[in-house]
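Subject: Structure handover

Dear colleague,

I am passing on the structure we spoke about, and my notes follow below it. Please read them alongside the coordinates.

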Amino acid sequence: MPDPFLSIQSVKKSFGETAVVRDFNLDVGRGEFISFLGPSGCGKTTMLRMVAGFEEPSAGRIVVDGKDVTNLKPNQRKIGMVFQAYALFPNLTVAQNIAFGLNVAGTPRAETAKRVSEMLVLIGLPQLGDRFPYQLSGGQQQRVALARALAPKPRLLLLDEPLSALDAKVRVSLREEIRQIQKELGITTIFVTHDQEEALSISDRIVVMNNGRADQVGTPFEIYNRPTTRFVANFVGTLNVLEGQVVDAGAGTIQVAGQTIELGRSLAGRSGGDGVSLALRPEAVSLGRTPGRPGALNGTIADVHFLGSVIRVRTKVGDRTVSLDTFNDPALPPPVSGSAAEIAFAPRDLMVLGD
Ligand code: ATP
């Protein structure tokens, strides 16, 4: 990236002997919405806290808008942050909560009042300025926390699992609102979550973290459809995994359950006879070849679950199960357990899993 707004360079963090963030590198463009996605304990929050200035890196640099901020205090970084727990001041009204950062910065009264009104409109709560936090729902409290973070016009917005305390329905509507507001303001944002659907639905790019490292950085489409590591492939979405053996690495020929398939590309770093794990998303598989899905394995239908508009079919190829979803077409006979199945795919969708 030629001119990143935020650049995290070889950052490491250890607590005592334990390395929590190991050599983390990331460039974030101006106005980008980036998610840190990963399982509990992989170092997402610690990395975010280093960007905010609440933790000091053990090594590396953090650069914002061309300036090294690694040694700046949090209040010198112009960063807005929203946490998982609502963390509003309970004894202050909504308007006073939103005004908090502006008051600390010594903003003139009239300007603060104007900004608070703007923020209340932005979060869709123009009538609620005089309420106290206990008089708000969880979703409303999180919107106020967002307004409080945004009021002083920060350069970066950092969101640490801001939706995880909310119920499912509110979570979905609020995440869309957050994305809308972020786009409207064009503010560079990092969003921490362990929820893959959340990350896929709102991010420009996702950083999938594993054990203190960025395993893969990419758009939601790339992360889901073209995972580069076994960890990413398994963590994001569901997968059918098939074990095979390389026949010819250069030609991309692989044997699976006694059948030969053509990958249509060479297999870097492998040779004939090597074991190889292949993965296919259920939606990349169909029953019967089509022009778009010319590759196939022969198997049998193990069982059929009729779900209404979708029929979920589990097939067997050798000792492996390959699940697929097919649309219910009332004009066609439904799949039958025990019958032979041609399990078709586009070779491009076959993922070769690394370690
Ligand atoms: P979660 O989704 O559970 O919040 P996370 O990916 O955000 O997980 P972190 O909170 O960054 O993970 O924690 C990573 C590891 O670092 C954990 O094993 C945690 O126990 C450890 N850790 C975090 N802060 C400290 C600290 N101040 N002292 C010692 N260990 C810490």
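A crossing is called right-handed if the near helix is turned clockwise from the far one by less than a right angle, and left-handed if anticlockwise. In that sense helix 2 passes helix 4 in a right-handed crossing; please keep in mind that this is a predicted model.

Helix 2 and helix 4, the latter spanning residues 138–150, pack at an angle of about 30 degrees with their axes 7 Å apart. Because angles under 35 degrees count as roughly parallel, helix 2 and helix 4 are therefore roughly parallel to each other. On the side of helix 2 the contact is made by Val94, Asn97, Ile98, Phe100 and Gly101, and on the side of helix 4 by Val144, Ala147 and Arg148. By class, this contact of helix 2 with helix 4 has 5 nonpolar, 2 polar and 1 charged residues.

Helix 2 (residues 94–104) also packs with helix 3 (residues 109–122), at an angle of about 130 degrees and with their axes 9 Å apart, which makes helix 2 oblique to helix 3. Here, too, the crossing is right-handed. Ala95, Ile98, Ala99, Leu102 and Asn103 in helix 2 meet Thr112, Arg115, Val116 and Met119 in helix 3, and the contact has 6 nonpolar, 2 polar and 1 charged residues.

As for the ligand, the residues surrounding it include Phe15, Val20, Cys42, Lys44, Thr45, Thr46 and His194. Helix 1 (residues 44–52) gives the most to this shell, with 3 residues, and by class the shell has 3 nonpolar, 7 polar and 1 charged residues.

With best regards

Methods:
Residues numbered from 1 in each chain as written. Predicted model: local features only at pLDDT ≥ 70, side-chain atom pairs only at ≥ 80, totals over all residues. Axes fitted to C-alpha atoms, helices over the stretch in contact; angles between N-to-C directions. Helix = DSSP H or I, 4+ residues; strand = E, 2+ residues; numbered from the N terminus. Parallel < 35°, antiparallel > 145°, perpendicular 65-115°, else oblique. Contact = placed C-beta atoms within 7 Å. Nonpolar A, V, L, I, M, F, W, Y, C, P; charged D, E, K, R; others polar. Near = placed C-beta within 6 Å.
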